[in-house]
Amino acid sequence: MTTGFDPNTAQNLVEIEKQFAVKAVEHAQTYWNLLEKVDPCNLRLTKLDDEIFEHIKSEFPELAEEPYDTVLKIDEEWMKSAEGKERWRKFMQAYEKKVQDYNFGSLIRTDARGEYDEKNTMFVTRMQFYAYEIARNRLGLNDAAHAKAKADAEKEKARKEKEREAKNKKKKSNGR
């Protein structure tokens, strides 16, 4: 059943926007958790990682050139420029029928050396996320994020253990 939906005239419904935002945040949290647990050089984000990485190198050779500054730190102005939008649109079209939710919104760290936070996060399409993160993983640029996520998780685990021990100690002293 066709309804004649025109996305250019559609209203922005707050509840739908909130749902998209929640999904994007959940995706970012899941990815950060993966970076904590899996060495980035062994992390596969899709079954097409090899194809996507080769495609990135051919369509965006500047993202795979040493010293890798353009993939390490995303240039948001360039991505949003007319040239950037056109190049990304062409790149993404190749995955329209291959990658589920290829154009769904995702959050990405603008600088691979940092974690997700207000100043280091931007909104991109899922294929842009895959392109950058697959390249970062293959080029070793997520190694620092992996170490940070792992260290943060260990600190959190130690903090919780200390809290648990303090509660147990308090229970024992109250029980006497």
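Predicted model: local features only at pLDDT ≥ 70, side-chain atom pairs only at ≥ 80, totals over all residues.
Figure 1. A pair of aromatic rings is described by the distance of the centres and the angle of the planes. In one of the pairs, phenylalanine 60 and phenylalanine 91 are arranged edge-to-face, with 5.8 Å centre to centre and 70° between the planes. This pair links distant parts of the chain, since phenylalanine 60 belongs to the loop between helix H2 (49–59) and helix H3 (69–72), whereas phenylalanine 91 belongs to helix H5 (residues 82–93), 31 residues apart. Both phenylalanine 60 and phenylalanine 91 are buried. Tryptophan 88 forms another edge-to-face pair with phenylalanine 91, for which the values are 5.5 Å centre to centre and 85° between the planes. Here the two partners, tryptophan 88 and phenylalanine 91, both sit in helix H5, three residues apart, which is about one turn of the helix, and both are buried. Ring pairs extend the view to a cluster that links Phe60, Trp78, Trp88, Phe91, Tyr95 and Tyr132.

**Figure 2. The largest nonpolar core and the surroundings of methionine 127.** The largest nonpolar core has 41 residues, and those that touch the most other members are Met79, Trp88, Phe91, Tyr95, Met127, Phe129 and Tyr132. Helix H6 (residues 126–138) supplies the largest share of this core, namely seven residues. For methionine 127, once its neighbours within four places in sequence are left aside, the residues in contact are Ile52, Phe91, Met92, Tyr95, Val99 and Tyr102.

**Figure 3. Strand E1 and its pairing with strand E2.** Strand E1 (residues 105–109) is largely enclosed by the rest of the structure, because five of its five residues are buried. Gly105, Leu107 and Arg109 point one way from E1, while Ser106 and Ile108 point the other way, and burial applies to all of them. Strand E1 runs antiparallel to strand E2 (residues 121–125), and five bridges join the two. Within this pairing, arginine 109 has threonine 121 of E2 standing opposite.

**Figure 4. Glutamate 36 in helix H1.** Glutamate 36 is found in helix H1, which spans residues 14–37. With a relative accessible area of 19%, glutamate 36 counts as buried, because the cut-off for that class is under 20%. The side chain of glutamate 36 makes a polar contact of 3.3 Å with the side chain of lysine 37. When residues up to four places away in sequence are not counted, glutamate 36 touches His146, Ala149, Lys150 and Ala153.

Figure 5. Most residues other than glycine have a negative phi, and most peptide bonds are trans. The peptide bond from glutamate 66 to proline 67 is cis, with omega near 10°, and proline 67 is placed in the loop between H2 and H3. Tyrosine 68 lies in the loop between H2 and H3 as well, and phi of tyrosine 68 is near 65°, a positive value in a residue other than glycine. Tyrosine 68 is buried, its relative accessible area being 17%. A positive phi, near 55°, is also found for aspartate 101, which is located in the loop between H5 and E1. Aspartate 101 is partly exposed, with a relative accessible area of 38%.

**Figure 6. Lysine 169 in helix H7, and the annotated region of the chain.** Lysine 169 has its place in helix H7 (residues 143–174) and, at 64% relative accessibility, counts as exposed. Lysine 169 and asparagine 42 are 127 residues apart along the chain, and their C-alpha atoms are separated by 42 Å. According to an unreviewed UniProt entry, the annotation "domain: Polysaccharide biosynthesis" covers residues 16–146. Over residues 16–146 the chain is 54% helix and 8% strand, with the end C-alpha atoms 33 Å apart.

Conventions. Residues numbered from 1 in each chain as written. Heavy atoms only, no water. UniProt positions renumbered as here; feature names shortened; annotations may be inferred. Helix = DSSP H or I, 4+ residues; strand = E, 2+ residues; numbered from the N terminus. Core = buried A, V, L, I, M, F, W, Y, C linked by side-chain atoms within 4.5 Å. Buried < 20%, exposed > 50% of the residue type's maximum accessible area, 1.4 Å probe, protein only. Contact = heavy atoms within 4.5 Å. Pairing = 2+ DSSP bridges. Polar contact = N/O pair within 3.5 Å; in protein donor to acceptor, adjacent residues only side chain to side chain. Phe/Tyr/Trp six-rings, centres within 6.5 Å; stacked < 30°, edge-to-face > 60°.
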